[in-house]
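Thanks for coming, everyone. Please have the viewer open. I'll keep this short.

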Amino acid sequence: MGSIDLRSDTVTLPTPEMRHAMAEAALGDDVFGEDPTVNRLEQMAAERLGKEAALFTASGTMSNLVALLTFCGRGDEMVLGSESHIFNNEAGGAAALGGVHPRTVPNTAAGWLEPEAVEACFRGPNIHYPPVRLVCLENTHNRCGGAVLSPEQTRAVAAVAHRHGAAVYLDGARIFNAAVALGCDARDLAREVDAVSFCLSKGLACPAGSLLCGSRDFIARARRNRKMVGGGMRQAGVLAAPGIVALETMVNRLAEDHENARVLAQGLCDLPGLEVDPRTVRTNIVAVAVTCLPAAELQARLEQRGLRASYLGGRRLRLVTHYGIEREDIRRALQIVRECLPG
Ligand code: TLP
């Protein structure tokens with residue numbers, strides 16, 4: 001029996017239909033705007049997110065970086081969550097490459113930014129302060145256990161930013177998980193934001209790629225920044241083709257991953273020495289606090305028995321369900337966790 005890999009939904013492999021689409025894709029040079037498959041994917045993405053245009057990038061990190069470089073200049077400030085992926089997991093790219101100054105606001109446990117806390121970041125035109133150009137949100141929220149922001153929560157934060165003349169960017173790497181969990185359209189989650197990205201290479205199971213969506217003018221400027229960071233890919237249609245398959249066939253099935261995550265969380269919360277509230281598990285991420293031994297040690301024990309989880313730091317492990325993980329794998333995973341706990 002192979003190991004059960006719940007480290008991330010980034011480990012998903014492309015479906016047979018995706019591999020076929022890759023082999024058959026019509027191609028051209030995308031830096032000249034001539035790859036018909038990329039052009040079609042960009043159009044589909046813009047449509048799905050309710051924006052005028054979209055840009056295909058190599059990764060979620062690249063979409064985020066290009067967005068930040070497009071919204072902010074050197075010395076500008078961006079407001080973002082203390083637990084956000086951009087702040088914690090992207091090698092400080094916006095600061096290193098764009099001179100963008102990050103100002104964090106504590107994320108609520110449910111991945112939100114309190115509008116009052118965002119409001120307090122706008123300190124006025126005093127020359128001591130960097131001007132706030134951008135507020136960033138994340139939906140679903142990775143480090144907050146796959147938490148979902150509603151359209152109303154997004155609107156409340158966007159209203160503050162816009163009132164102060166700042167733009168709003170949504171890291172929607174897993175926005176389709178949020179839409180499926182809320183039973184709404186991804187467009188409803190992106191309506192109030194100026195730009196949004198989503199990843200193909202997570203729950204949607206593509207080998208690579210992310211789409212940055214926004215106004216026609218924003219995407220034209222982002223295209224230059226993508227080129228600047230080396231993201232102008234040529235016959236990128238081989239990577240865009242599975243993205244088209246993903247948007248057509250892989251979105252609704254995310255509900256299965258969410259159900260598997262709930263079953264997993266329910267099983268884990270019954271075990272002594274672990275803390276997780278299954279009611280907070282809305283999508284495909286289960287963050288669990290380990291109280292009976294060091295979390296990294298439990299992770300190592302699980303790994304030895306064929307269950308792979310990721311370590312979030314402190315007492316927390318993360319388990320992520322995805323395409324290729326079936327209910328039987330969840331049962332086996334729970335059995336392995338039981339065997340690895342002391343006593
Ligand atoms: N997240 C990865 C790791 O980097 C932690 C994962 O396994 O979940 N935004 C969010 C919210 C993300 O979770 C990630 C990836 C990204 C952006 C970056 O995407 P990639 O890895 O494609 O650059």
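Some ground rules. This is a predicted model, where local features need pLDDT of at least 70, side-chain atom pairs count only at pLDDT 80 or more, and totals for chains, interfaces and linings use all residues. Residues are numbered from 1 along each chain as its sequence is written, and side-chain values use heavy atoms, with hydrogens and water left out. Helices (H or I, at least four residues) and strands (E, at least two) are DSSP runs, numbered from the N terminus.

Two strands pair if DSSP finds at least two bridges between them.

Start at strand 9. Its antiparallel pairing with strand 10 (residues 285-290) rests on 2 bridges. Glu275 has Ala289 in strand 10 as its bridge partner.

Strand 12 and strand 13 run antiparallel and are joined by 3 bridges. Ser310 faces Arg318 of strand 13 as its opposite residue. The hairpin of these two strands has 2 residues between the strands, and Gly314 takes a positive phi near 60° there.

On to helix pairs. Two packed helices are described by the angle between their axes and the distance between the axes.

First pair: helix 12 (residues 254-269) and helix 14 (residues 327-340). They pack at about 20°, with axes 10 Å apart. Helix 12 and helix 14 are therefore roughly parallel. The cut-offs: under 35 degrees is roughly parallel, over 145 roughly antiparallel, 65 to 115 roughly perpendicular, and the rest oblique. Helix 12 passes helix 14 in a right-handed crossing; that is, the near helix is turned clockwise from the far one by less than a right angle.

Who meets whom? Contact means heavy atoms within 4.5 Å. From helix 12 come Glu259, Asn260, Val263, Leu264, Gly267 and Leu268, and from helix 14 come Arg327, Ile330, Leu334 and Val337. That contact divides into 6 nonpolar, 2 polar and 2 charged residues. Nonpolar covers Ala, Val, Leu, Ile, Met, Phe, Trp, Tyr, Cys and Pro; charged covers Asp, Glu, Lys and Arg; the others, Gly among them, are polar.

Leu298, Arg301 and Leu302 in helix 13 meet Ile336, Val337 and Cys340 in helix 14.

Is Asp257 buried or exposed? Buried, at a relative accessible area of 1%. Buried means under 20%, exposed over 50%, partly exposed in between, with a 1.4 Å probe and protein chains only. Not counting residues up to four places away in sequence, Asp257 touches Thr283, Asn284, Thr321, His322 and Tyr323.

Last stop, strand 2 (residues 53-57). 5 of its 5 residues are buried. Ala53, Leu55 and Thr57 lie on one side, Ala54 and Phe56 on the other. Strand 2 pairs with strand 8 (residues 210-214), antiparallel, over 5 bridges. Thr57 stands opposite Ser210 in strand 8.

Note on methods:
Axes fitted to C-alpha atoms, helices over the stretch in contact; angles between N-to-C directions.
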